[in-house]
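Subject: Model for you to look at

Hi,

Here is the structure I promised. Please open it alongside these notes.

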Amino acid sequence: MSALFSIENEAVALVWSRRRAKLPAVRPDEAGLPFGLAVQTLRRGTTPQVHAEGAGHLFEQTDYTLLVRSKAVAEVRLHHRDPVLLRGLHRSDDGRLLHGSINFGTQVGRSRFVVEAGGLPQFAFDVEVFPSKLDYRRDYEALRADVQEIAAELALAYLGATYGPALADAAAPPGRVAWALLLHHAAGDLEQALGYVARQPQWSARRAVEEARADRIRRPDAALRRAVARGAGRGAWQAVAEGLWIRERLPAARGCYTLDTPAHRWLAAQLAQIRLRLAVLIEEEARLHPGLRRRQVLGELEGLQHRIARLGRLSILREAEGDPPADPPLLLLTAPGYREAYRACLLLQQGLHLEGGPLRLGLQDLHLLYETWCFLTLVRLAAGVAGCEVPLRGLLTVERRGLRLRLRKGRAHTVAFDLDDGRRLALTYNPRFGGKGYLVPQQPDVLLTLRRPGGGVARYVLDAKYRLDASPAYRRRYGLPGPPADALNTLHRYRDAIRGGPAVVQAVALFPFREEQPGQFAASRLRRLLGEIGVGAVPLLPGGTEHLEAWLREVLHRPAENL
């Protein structure tokens, strides 16, 4: 076991370690603070001491050991927004010792922890998790940007072990995931701003009509004269002049101050919309299968609902009963408190752009992101090879289940291209083959179907495999790193098991690898066996799509008699 870094103050000590193992090298331009470590003290008068072993990095899909020890009799706790990340930790010594394993799975980006001792926060620290199969700055960020170009929310997760920096983007309205993430970020600013407004509200003057004793009315106006002419009022009649009788109490207008202003009405309407949207999200999440993360998500959404409901009970909003203005009043742009509340509400109407910025947004698991990117890249390349223009935003749809967002699956979702020679090329994401002819249903990532005018049909299966075997034995067998053996076995099963139509001509794994030297892939068994037995693999990364494009051209130019 090798200690990577340690953090301690007068109350608690933390040690982060890992077993000695060979890990991926990191490009020189990715060097920086060891492990991306950033420590923040949460206790006045104390400065945590940090010691790091060299300039190492943390990686996805790697087991780390964490030890947190109290220096006194106080119980220690470790907090993280994602409860799944901490489920490998255990307590001992009456809570004074916390120890166990941490594994980020396929999540990359920054991750924040808070250490507590004796019920008091001691310090917080952030680490950065690197991908082990991709170049962080070149491949991962390009992959994420490509997915974001189609649908930014496909690169996001409301709750995850890691986060990335982002900016609000006014160019497009947010979807559900982005909206919930923005509300999580903006709720504190909204509470602070409306709290200030409640303490120092901007009143509005108005004239209210109330009954008053006739002898106390000093400034009669047109409304009062009309009331006297109609005989309006209450009480006994009395003479005020020859032939003029009035009631003892008359309706009279008087000046008063009110909180029912256009600015307060606008803010009240915004909070009502937030409450309604939160209620819908909570209802949808509650219907889904429970789990650690879903319980955490539900708890956070319900907490946000209580906070927004509490804001709605402020007098400035409770007394705003009129219709809200169509446009925000000038007061919301200029007055202290109002200006900040307006900005928080405006943030909820914007989309998200995953670049450096003040927002901390959860990121999608890398294996899911890679699978999505592979399909989108395949659609782009197929369109280019076929010479077609593809409106990706219109053709690619997503399915929403609460705060989860995925590309829509199944045969109903197919992207098709009509080729110049009359053939039709169709790409189906995650089709499912099942029924009486299958002992176990088969569900590859992508099905490529090529139909000829005369009725000939060829089917090709593609599977995105983010896992990579780079062991010496694997390299000797196949000539380069590639999908592990069980992934290749799955391709054999797809090729032989999928029925109910024409046979599968080839089954191909897409894997994250960039050639170390030109011609390495062409000379490998993975490429050679793809042509010989119909099972193989093709490397695919941002900026390295030439091998998949070559395979697509080969498929399109395959002779009809080979179908």
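Two strands count as paired if DSSP finds at least two bridges between them. Strands (E, at least two residues) and helices (H or I, at least four) are DSSP runs, numbered from the N terminus. This is a predicted model: local features need pLDDT of at least 70, side-chain atom pairs count only at pLDDT 80 or more, and totals for chains, interfaces and linings use all residues. Residues are numbered from 1 along each chain as its sequence is written, and side-chain values use heavy atoms, with hydrogens and water left out.

Confidence. pLDDT is the predictor's confidence in each residue, from 0 to 100. The chain averages 82, and 82% of its residues reach 70 or more. Residues 26-31 fall below 50, with 11 contacts beyond near neighbours in sequence. Residues 353-359 are also below 50, with 31 such contacts. Contact means heavy atoms within 4.5 Å.

Strand β1 (residues 2-8) runs antiparallel to β2 (residues 12-18), joined by six bridges. Ser 2 stands opposite Arg 18 in β2. The hairpin between β1 and β2 has three residues. β1 also pairs antiparallel with β4 (residues 49-52), through four bridges. There, Glu 8 faces Gln 49.

Helix pair. The axes of α2 (residues 176-199) and α5 (residues 292-312) come within 11 Å and cross at roughly 20°. Axes are lines fitted to C-alpha atoms, for helices over the stretch in contact, and angles run from 0 to 180 degrees between N-to-C directions.

Open sheet. Six strands follow the order β20-β21-β22-β23-β24-β25, with mixed pairing. β20 (414-418) and β25 (535-539) are the edges, each with a single partner strand, so one side of each has no neighbour in the sheet. Neighbouring strands are turned by 20° against each other on average, direction ignored. β24 (residues 504-511) and β25 run parallel, joined by five bridges. Val 508 stands opposite Gly 536 in β25.

Helices on that sheet. α9 (residues 366-386) lies across β20, β21, β22, β23 and β24, at about 170° to β21. α12 (residues 485-497) lies across β23, β24 and β25, at about 155° to β24.

Best wishes
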